[in-house]
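Subject: Handing over a structure

Dear colleague,

I am passing a structure on to you, together with my notes on what was found in it. Please look through the sequence and the model before reading further.

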Amino acid sequence: MESKRLAGEKAAEFVKDGMVVGLGTGSTVYYTIMKLAERMKQGLVFKGVPTSVETEKIAARLGIPLISKGEINKIDLGIDGADAIDPDFVLIKGGGGALLREKIVAEAADQFIVVADPGKFVPNLADVEIPVEVIPFASELTEKHLKSLGCHTKLRVNNNTAFITDNGNYILDCKFEEIKNPKELETQILRIPGVAENGLFTDMANKIITLNALGEVVILAK
Ligand SMILES: O=C[C@H](O)[C@H](O)[C@H](O)COP(=O)(O)O
């Protein structure tokens, strides 16, 4: 999609020599990674921290140097996509199942840029399911606990079997009737034993790169 390409490529301009860059997951940030590989050939020097096995493979194929898992100390800039963005820049992520590593990287990054086509903007987050990554042990109990917060849960499946994340966990997609306080909900979900992470990303995005109604790339900042 052209809008994903334009937004994704623009974000690559924010990477400077010597940076450690969190490389997100999905079809929009894919264009960022492609652009970064192009800039690398022109002399840009940086190292990447991939947020998924999928991104790790793409980056490795393009020859992008990656920091190995046990050596990630500092991330200068994270760039990633989103499934939904509300007017306060609260994000829902995890449509591709990569939310856990994505949140670790977004939280650690000094700056976090989101790349998204305009279709990702929603007036109400409750219109979108929140992916919750849960460890398989006693996941029925975790699910029951989640339901007590007032949502409908759905185990994510792939080819008729449970979808397994890069971390060996399940995803429960949770639909709430309303979300009054996303920050509080993010914390409440995280407090449930068995929950590894949830797809609500509050207070994280510093900039959002998207397109306006004229199809021009715009950078929204808080
Ligand atoms: O788990 C997947 C991620 O949260 C992605 O960043 C998100 O799904 C956005 O992906 P896309 O850019 O393909 O719409």
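**Two loop residues**

Asn160 lies in the loop between strand E9 (157–158) and strand E10 (161–162), where strands (E, at least two residues) and helices (H or I, at least four residues) are DSSP runs numbered from the N terminus. Please keep in mind that this is a predicted model, in which local features need pLDDT of at least 70 and side-chain atom pairs count only at pLDDT 80 or more, whereas totals for chains, interfaces and linings use all residues. Residues are numbered from 1 along each chain as its sequence is written.

The phi angle of Asn160 is near 65°, a positive value in a residue other than glycine. Asn160 counts as exposed because 5 other C-beta atoms lie within 10 Å; the scheme calls a residue exposed if 12 or fewer other C-beta atoms, placed from the backbone, lie within 10 Å of its own, buried if there are 20 or more, and partly exposed in between. Asp203, in the loop between strand E13 (200–201) and strand E14 (207–211), also has a positive phi, near 55°, and it is partly exposed, with 14 C-beta neighbours inside 10 Å.

**Domains and their contact**

The protein is divided into domain 1 (2–121 + 202–221) and domain 2 (125–198), with bounds that come from an automatic or database domain assignment. The C-alpha centres of domain 1 and domain 2 lie 24 Å apart, and 17 residues of domain 1 are in contact with 15 residues of domain 2, contact being defined as C-beta atoms, placed from the backbone, within 7 Å. On the side of domain 1 that touches domain 2, helix H4 (residues 99–108) gives the most, with four residues. That side is made up of seven nonpolar, five polar and five charged residues, where Ala, Val, Leu, Ile, Met, Phe, Trp, Tyr, Cys and Pro count as nonpolar, Asp, Glu, Lys and Arg as charged, and the others, Gly among them, as polar.

**Strands and helices**

An open sheet of four strands has the order E8-E11-E7-E12, with antiparallel pairing; two strands pair if DSSP finds at least two bridges between them. Strand E8 (151–155) and strand E12 (195–198) are the edge strands, each pairing on one side only, and the twist from one strand to the next averages 30°. Strand E7 (residues 130–134) is joined to E12 by three bridges, and Glu133 stands opposite Glu197 in E12.

Both H4 and helix H6 (residues 182–190) lie across E7 and E12. H4 runs at about 65° to E12, and H6 at about 160° to E12, with axes fitted as lines to C-alpha atoms, for helices over the stretch in contact, and angles from 0 to 180 degrees between N-to-C directions.

Strand E6 (residues 109–115) is mostly covered, since five of its seven residues are buried. Five bridges join E6 in parallel to strand E3 (residues 75–80), with Gln111 in E6 as the bridge partner of Leu77. E6 also pairs with E14 in the parallel sense, over three bridges, and there Val115 stands opposite Ile209 in E14.

**Around the ligand**

Of the 17 residues around the ligand, Gly26, Thr28, Gly81, Gly95 and Gly96 come nearest, a residue being near if its C-beta atom, placed from the backbone, lies within 6 Å. The shell has three nonpolar, 10 polar and four charged residues.

With best wishes

Terms used:
Contact = placed C-beta atoms within 7 Å.
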